[in-house]
Amino acid sequence: MVEPNKPKERDVTMNLKKPNSQTPTANSPTGQPDSQSPSPSAEAAMAAVEELVESLNQRKMYREVTLALRSGLRDARAEFSFLRVRGLRCLLKFLRSVAESDSVIRLFCLTQSLPDLQVIPVLFQHSLKDSEEDRVTSLDHIFTVEPMKLTNPSTDTEVALALRVLEGCCLSHRQSTILAHQHKAIPVLMNILSSRGALEQGASVDALIALMLDSTANQMDFETCNGIEEVAAIIRDKQVDENLRMKCGEFLLLLIGHVDGRDMQPMATVHEDIRRLLGEKSASLIWAASQFGSTLDPEERMTALHIQARRVLESLDLFGV
């Protein structure tokens with residue numbers, strides 16, 4: 001028996017229109033909205049938001065910088081040495097973090113134009129102040145209404161920390177060398193180099209380098225204080241701490257390499273002074289060694305400087321200077 005023919009099912013897929021992907025629109029030649037290119041108003045809004053975020057970040061960074069300086073300087077002005085040590089450590093920690101960011105360096109330089117946030121004057125008015133200034137020369141204050149203000153003398157640790165903070169300020173902010181010159185920094189450091197212990201002496205040599213770099217006034221003060229003679233005397237003395245002798249050797253290498261070949265040198269006689277104090281052979285070695293690796297990276301330069309300073313000391317011991 002033959003079944004009657006059933007009507008064929010209608011193919012609905014044949015009636016579905018395919019989207020015309022070739023029909024252009026106002027936003028896109030392909031007919032699809034262009035999500036890759038925002039409108040001018042959206043771009044302006046995004047730029048405004050980015051500018052606002054940048055401004056807020058700058059304000060936050062400025063508050064953090066000023067807070068670190070104010071807290072450190074508050075303790076650095078204290079009457080008691082242990083408080084000043086705490087403040088100096090806070091300032092030194094801050095300066096080390098400053099070196100990691102150019103934007104923070106710029107903010108630090110900006111703050112140093114404000115008297116309340118300047119670091120250099122506080123160092124020389126408290127931690128690096130000569131103890132002779134605090135000596136009691138009269139008892140008249142006993143009979144007055146106002147009591148005499150006395151402060152603890154600076155300890156070795158305090159002086160060494162103050163010198164490290166001084167070094168960091170001068171390396172981060174070139175105008176700090178001018179402020180230091182106004183407080184007679186070079187005579188103060190030369191006094192520390194000739195009278196304090198090895199800890200403070202080593203820190204003073206590092207601070208001298210930062211102070212004298214590109215500072216004609218401080219270089220002239222160093223020459224006036226016969227600084228080369230003091231440094232040469234330490235290098236020649238075999239009883240002095242070996243690390244301090246090495247630092248002084250590195251100082252001479254940096255000094256010779258920096259002032260050599262410059263016009264209008266404030267230390268024009270430095271070569272002759274070294275030749276007179278350390279001998280012809282050692283002076284020639286120092287001059288030759290000072291020309292090391294200007295194309296090396298900082299870490300390699302420090303290694304080369306240390307090696308050359310060691311050779312200078314060995315030459316002095318060899319020639320019996």
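These legends describe close-up views of a predicted model. Local features need pLDDT of at least 70, side-chain atom pairs count only at pLDDT 80 or more, and totals for chains, interfaces and linings use all residues. Residues are numbered from 1 along each chain as its sequence is written, and side-chain values use heavy atoms, with hydrogens and water left out.

**View 1. The buried face of helix H10.**
Helix H10 covers residues 227-236. Helices (H or I, at least four residues) are DSSP runs, numbered from the N terminus. The buried residues of H10 are Gly227, Ile228, Val231, Ala232, Ile234 and Ile235. Seen down the axis of H10, these residues fall within an arc of 160 degrees, so they line one face of the helix. The arc is taken from the directions that run from the helix axis to the C-beta atoms. Buried means under 20% relative accessible area, exposed means over 50%, and partly exposed lies in between (1.4 Å probe, protein chains only).

Arg310 sits in helix H14, residues 298-319. Its relative accessibility is 32%, so Arg310 counts as partly exposed. Glu242 also has 32% relative accessibility and counts as partly exposed. Arg310 and Glu242 form a salt bridge, with the closest N and O atoms 2.8 Å apart. The pair ties together parts 68 residues apart in sequence, because Arg310 lies in helix H14 and Glu242 in helix H11. A salt bridge is a side-chain nitrogen of Lys or Arg within 4 Å of a carboxyl oxygen of Asp or Glu. Side chains of opposite charge can pair when their charged atoms come close. Leaving aside neighbours within four places in sequence, Arg310 is in contact (heavy atoms within 4.5 Å) with Glu242 and Met246.

**View 2. Glu242 and Arg245 within helix H11.**
Glu242 has a salt bridge with Arg245 too, at 3.7 Å from N to O. Both residues lie in helix H11 (residues 242-259), three residues apart, about one turn of the helix. An α-helix has 3.6 residues a turn, so residues three or four places apart point the same way. Arg245 counts as buried, at 3% relative accessibility. The C-alpha atoms of Arg245 and Arg310 are separated by 9.2 Å. Along the chain, these two residues are 65 residues apart.

The side chains of Arg276 and Asp273 meet in a salt bridge of 3.4 Å, N to O. The two are three residues apart in helix H12 (residues 270-278), so about one helical turn separates them. Asp273 counts as buried, at 19% relative accessibility. Elsewhere, salt bridges that share partners join Arg164, Glu167, Asp206 and Lys247 into one network. The structure holds 13 salt bridges.

**View 3. Phe80 and Phe82 as an aromatic pair.**
A search of the whole structure finds three aromatic pairs. One of them joins Phe80 and Phe82: it is tilted, with 6.2 Å centre to centre and 35 degrees between the planes. Rings of Phe, Tyr and Trp (its six-membered ring) pair if their centres lie within 6.5 Å; planes under 30 degrees apart count as stacked, over 60 as edge-to-face and the rest as tilted. Phe80 is partly exposed, at 43% relative accessibility. Phe82 is exposed, with a relative accessible area of 59%.
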